[in-house]
Amino acid sequence: MRWIRYTSAGATSYGILEGDKVLEVRGTPFTGTEKTGRSHKLAEVKIELPVVPPTFYAVGFNYTDHIMKVAKRTGVEPSIPTQPDVGYRANNGLIAHGEDVIIPKDATDSIQYEGELVAVIGKKAKHLSEADALSCVLGWTIGNDVSERSWQKSDRTLWRAKNTDTFNPMGPWIETEVDLDKLETRVRVNGAESLCFRTNAMLFGVERYIATITKYITLYPGDVLWMGTDGASPNLKHGDVVEIEITGIGTLRNPFVRAGA
């Protein structure tokens, strides 16, 4: 099932996406829904963020190739993590499928994408084992963790390098039926493929992260967990369009626009 959050005639709500048709529902997938019997054409609605999360969790350095390429770029020895570590992002950075990523006027040319699988939490969870971890997941969507690499290197935290307004596109919807081992992530810039990797080839999988988080922190419905990226990105410029496709989930597409250009 695909849950889509959309706006039609000035009202924002959830629906069930079937092909090119959105079936209208009352309620949310987190609290329960019922069909209204009405529907909309997908092309005639605005796709919104699939969820506005209570807490926005983000995983870093979860793919070996990404770690090696970052180390080479920054001139340091690669360090492979020995345990799952979790960070956070700010909701102000979130934008929906199709919306513009705004590159600040004073940003350098080191603007890069990070195509990521996103787990959307469906119910309250604490002290889950790895075996039971996925029981709290409603479904899956796609994220683009945009990064300004010079700020990431110079600042003491990621406060602007990864949290600037519009730097976290997410969507286009939530897919509930996913086989993690069969997923493949492909990234295209202006229609040309620039990266392809097995989505589940992570150092620590979703199950390990959820078990680790819930040992200390309660997860709540609507929380999201971004699972990191592999490979490396070219520098992006004004006018570029980035598409991140994950098998069976969909494609997240966003133009990049430099402020004042």
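In general, the strands of a sheet pair through backbone hydrogen bonds, and they may do so in a parallel or an antiparallel way.

The two strands belong to an open sheet of five strands, whose order is β9-β19-β18-β15-β16 and whose pairing is mixed. At the edges of the sheet lie β9 (101–103) and β16 (192–198), each of which pairs on one side only, and from one strand to the next the twist averages 20°.

Returning to strand β18, we find V241 there. Is V241 buried or exposed? V241 counts as buried because its relative accessible area is 17%, which is under the cut-off of 20%. Leaving aside residues up to four places away in sequence, V241 touches R188, V189 and N190, as well as R253, N254 and P255. By contrast, V241 and E44 are 197 residues apart in sequence, and from C-alpha to C-alpha they are 22 Å apart in space.

The chain averages a pLDDT of 96, and 100% of the residues score at least 70. Among the elements of the chain, strand β8 (residues 94–95) has the highest mean pLDDT, 99, whereas helix α1 (residues 64–74) has the lowest, 78. Where pLDDT is low, the predicted coordinates should not be read in detail.

Terms used: Residues numbered from 1 in each chain as written. Predicted model: local features only at pLDDT ≥ 70, side-chain atom pairs only at ≥ 80, totals over all residues. Heavy atoms only, no water. pLDDT = per-residue confidence, 0-100. Helix = DSSP H or I, 4+ residues; strand = E, 2+ residues; numbered from the N terminus. Pairing = 2+ DSSP bridges. Axes fitted to C-alpha atoms, helices over the stretch in contact; angles between N-to-C directions. Buried < 20%, exposed > 50% of the residue type's maximum accessible area, 1.4 Å probe, protein only. Contact = heavy atoms within 4.5 Å.
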